[in-house]
Amino acid sequence: MIPTRDRGYPDRLMATVQATSFAEALQDVRERTLALVAPFSHAELERVQHPLMSPLDWDLGHIAAYEDLWLVHRHGGEPLLRGDLADLYDAFETPRATRGDIPFLRGDDVLDYLAAVRERSLEVLDRAGPGDGTLFEMVVRHEAQHNETMRQTLFLGGLRGGRPVPLRARTPACGDDWIELPAGPFEMGAGNEGFAFDNERPRHEVDVPAVAIARRPVTNATWMHFVEGGGYERREWWSAEGWAWKEEYDITHPEGWTAGRTPNDDRPVLHVSWFEADAFARAQGARLPTEAEWEKAATWTQDPMQNTGHVWEWTSSHFGGYPGFVAHPYREYSEVFFGGRYRVLRGASWATAERLRSRTFRNWDLPQRRQIFAGVRLAKDVT
Ligand code: AVJ
Ligand code: FE
């Protein structure tokens, strides 16, 4: 099953999640996980495809370990199936850079581990029920998030599944098509009903000055124009930190624009860093939107943003907790990333599961990162 094949192009940010049972939801995301790795040999799954990313087999074992921890151990009250593997599959105990050298499960062993844990969690669901559903929803979404991480690995490794299936409909190339949002407050963040990640709460009022936000994300063709116009050479368009990064790594175009693959077309540009997005915006006499501006625009039904949900959109905002933030249910999801160099991305990408798509979801990454399926939507002040 290839989840991206028949998607339309226009606005598909909002999820239409059917009210399926958790057993079905777990089954559905597992089919997607297994379909992602099905084309590859054991050797390809064991390999470090890129220094930034875990071997795909590590992701598989981590998905199983996370499910065992939260559903079987915490929710079901049973001992871990493989307590001996807990540290190895803990993202903090074992940082990505070292994951190539550790004895993670490989080949059929990791597939057996996934299946054995799944059997246990379905037994817990049968016996104890889903509780308020939070942990089951969290585990389904965790696996879906790792599906996107795994696609990033496939992209960087040049393997099948790392690039979007070419979309039939295309965006008209349009430099100056702005949505004007009048000044005023809106309710930011997720309400109390239903599932949301801790960093989306609590909902709170934010007053947003008048702003213009681009109707569509920046296209490859427009980015090509930036490259040809000296975008990566004009010091005045770059932040000091961004310029230093660009010089050190000799960055001259988005990640993946190799000879013979320079997509000069009207699809949203992908695989640009925050530093590049920031410089590009300055070159256009514009800026990146704040995440509040982005979210307000996403709720502005009078004149909706278009082509959301194909690329993550960098914002100017640093990742932090909303006023009154409470870590829940686990501290390591968001809080440990607050207050650092992380920038927020909004929307969703072509590789994001339907279940994860929402107007309040906050993604984050470091400003130099380009493995993420990220692009740019511009904003500018209204005077
Ligand atoms: C929300 C995508 C930034 O991949 O680091 C997966 C999701 N957290 N396992 C990440 C996540 C723990 C997270 N992002
Ligand atoms: Fe994880």
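Predicted model: local features only at pLDDT ≥ 70, side-chain atom pairs only at ≥ 80, totals over all residues.
Is D250 buried or exposed?

**Stop 1: the loop between α7 and α8.** D250 sits in the loop that runs between α7 (240-249) and α8 (274-283). D250 has a relative accessible area of 60%, above the 50% cut-off, so D250 is exposed. Its phi is near 55 degrees, a positive value in a residue other than glycine. Now select H271, which is also placed in the loop between α7 and α8. H271 has a positive phi too, near 65 degrees, but H271 counts as buried because its relative accessibility is 4%. Most residues other than glycine have a negative phi.

**Stop 2: helices α1 and α3.** Next, show residues 22-37 (α1) and 56-75 (α3), which pack with their axes 12 Å apart at an angle of about 165 degrees. That angle makes α1 roughly antiparallel to α3, and their crossing is left-handed.

**Stop 3: R30.** Stay in α1 and centre on R30, which counts as buried at 8% relative accessibility. Leaving aside residues up to four places away in sequence, R30 touches I63, E67, L114, R118 and E143. A polar atom of the R30 side chain lies 3.5 Å from the backbone oxygen of L114.

**Stop 4: two cis peptide bonds.** Select R201 and P202, joined by a cis peptide bond with omega about -5 degrees; P202 is in the loop between β2 (184-188) and β3 (204-208). Then go to H328 and P329, where the peptide bond is cis with omega about -10 degrees. P329 belongs to the loop between β5 (312-318) and β6 (343-347).

Key
Residues numbered from 1 in each chain as written. Chains lettered and ligands numbered in written order. Heavy atoms only, no water. Axes fitted to C-alpha atoms, helices over the stretch in contact; angles between N-to-C directions. Helix = DSSP H or I, 4+ residues; strand = E, 2+ residues; numbered from the N terminus. Parallel < 35°, antiparallel > 145°, perpendicular 65-115°, else oblique. Left-handed = near helix turned anticlockwise from the far one by under 90°. Buried < 20%, exposed > 50% of the residue type's maximum accessible area, 1.4 Å probe, protein only. Polar contact = N/O pair within 3.5 Å; in protein donor to acceptor, adjacent residues only side chain to side chain. Contact = heavy atoms within 4.5 Å.
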